[in-house]
Amino acid sequence: CPTVARNAERDWSDTDYRVGAEFKASDDTLLYASYTTGFRSGNFNSRAAAVAITTPADPEQVKSAEVGLKTTFADGRARVNLAAFQTRYNDIQRIAQGTLPDGTITQTLLNAGRAEIAGVEIEGTFLVTDALQLDTSLGWLDPTFKDFRGIDANRDGVINAADLEAAKNLRFDRVPDVTAAIAATWTLPLNAFGGEWSLRGSWSYRSDFDTDVANNPELAQDDYALIDASLNFRRDDWRVSLFGRNLTNEWWVDVKSISQNFQAFGGMPRMYG
């Protein structure tokens with residue numbers, strides 16, 4: 001709405017808390033649990049094409065429980081951290097693409113309803129030799145909408161009761177189910193120069209995900225993996241590096257959209273320096 005100005009103001013407040021407990025089972029093993037609440041402030045729709053849908057949306061509330069383990073073994077040469085968590089959202093905020101009565105496509109900001117995310121994360125660091133270190137991580141997420149209002153989930157052109165059930169099958173946008181990474185760092189001291197060389201290579205992976213709330217198949221992102229590497233020399237307070245990122249020049253994007261045209265952008269291409 002480029003010719004209409006609106007002045008509006010809303011106030012929100014919230015009190016949140018975190019409760020945690022730790023148990024040191026041994027000098028090398030720590031168990032913990034926590035319960036946390038939080039919120040995301042209410043907000044106005046900054047890209048509305050009509051005054052009526054500047055909203056604002058109400059705050060998003062979240063409650064999260066987590067249990068985990070941190071342990072070191074093999075004489076301190078190995079460390080593994082494990083965490084499992086569940087997060088519940090009420091009045092979750094979501095940005096969707098809608099259509100005005102005159103056919104104008106516009107962004108809408110919704111308090112979509114309720115959602116849950118369950119997940120497990122594990123990460124490890126292993127000193128294979130005095131010169132070689134491996135860093136690994138693996139994550140799994142299971143996000144689910146329990147209640148999602150105000151969206152044409154079955155894409156039949158209307159928003160009605162049928163969409164409430166269809167919305168429960170929607171995937172979270174930009175949230176891959178699986179993430180994984182592994183990196184190796186080889187370090188070589190050079191006593192003659194008073195410094196050290198290190199060579200590092202890494203591989204990271206994200207499973208496929210949807211880039212939009214409505215899970216339009218045309219806007220989905222396939223799974224992809226990125227390979228990075230660097231060669232470093234460090235001496236005292238100085239470090240010189242030669243690095244490369246996304247060495248295989250993998251094609252991936254952060255955002256896709258369809259309005260009067262198709263857009264796909266983001267995703268850093270191969271870069272070195």
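Accessible areas come from the Shrake-Rupley method with a 1.4 Å probe, and for residues only the protein chains shown count as cover. This is a predicted model: local features need pLDDT of at least 70, side-chain atom pairs count only at pLDDT 80 or more, and totals for chains, interfaces and linings use all residues. Residues are numbered from 1 along each chain as its sequence is written, and side-chain values use heavy atoms, leaving out hydrogens and water.

Reader: What share of the accessible surface belongs to carbon and sulfur atoms?

Author: Take the protein chain as a whole. Its accessible surface comes to about 17,000 Å². The part belonging to carbon and sulfur atoms is 54%.

Reader: Is Asn45 buried or exposed?

Author: Buried means under 20% relative accessible area, exposed over 50%, and partly exposed in between (1.4 Å probe, protein chains only). Asn45 has a relative accessible area of 5%. That value is under 20%, so Asn45 is buried.

Reader: Which residue has its backbone oxygen 3.0 Å from a polar atom of the Asn45 side chain?

Author: Look at the contacts of Asn45 (heavy atoms within 4.5 Å). Leaving aside neighbours within four places in sequence, they include Thr54, Gln107 and Leu109. Ile53 is also among them. The backbone oxygen at 3.0 Å belongs to Ile53.

Reader: What percentage of the contacts with a separation of 6 or more joins residues 24 or more positions apart?

Author: Consider the contacts in the protein chain with a separation of 6 or more. Residues 24 or more positions apart account for 56%.

Reader: How many of the 273 residues, as a percentage, count as buried?

Author: The same cut-off for buried applies, under 20% relative accessible area. Of the 273 residues in the protein chain, the buried share is 32%.

Methods
A polar contact is a pair of N or O atoms within 3.5 Å; within protein, one must be able to donate a hydrogen and the other to accept it, and residues adjacent in sequence count only if both atoms are side-chain atoms.
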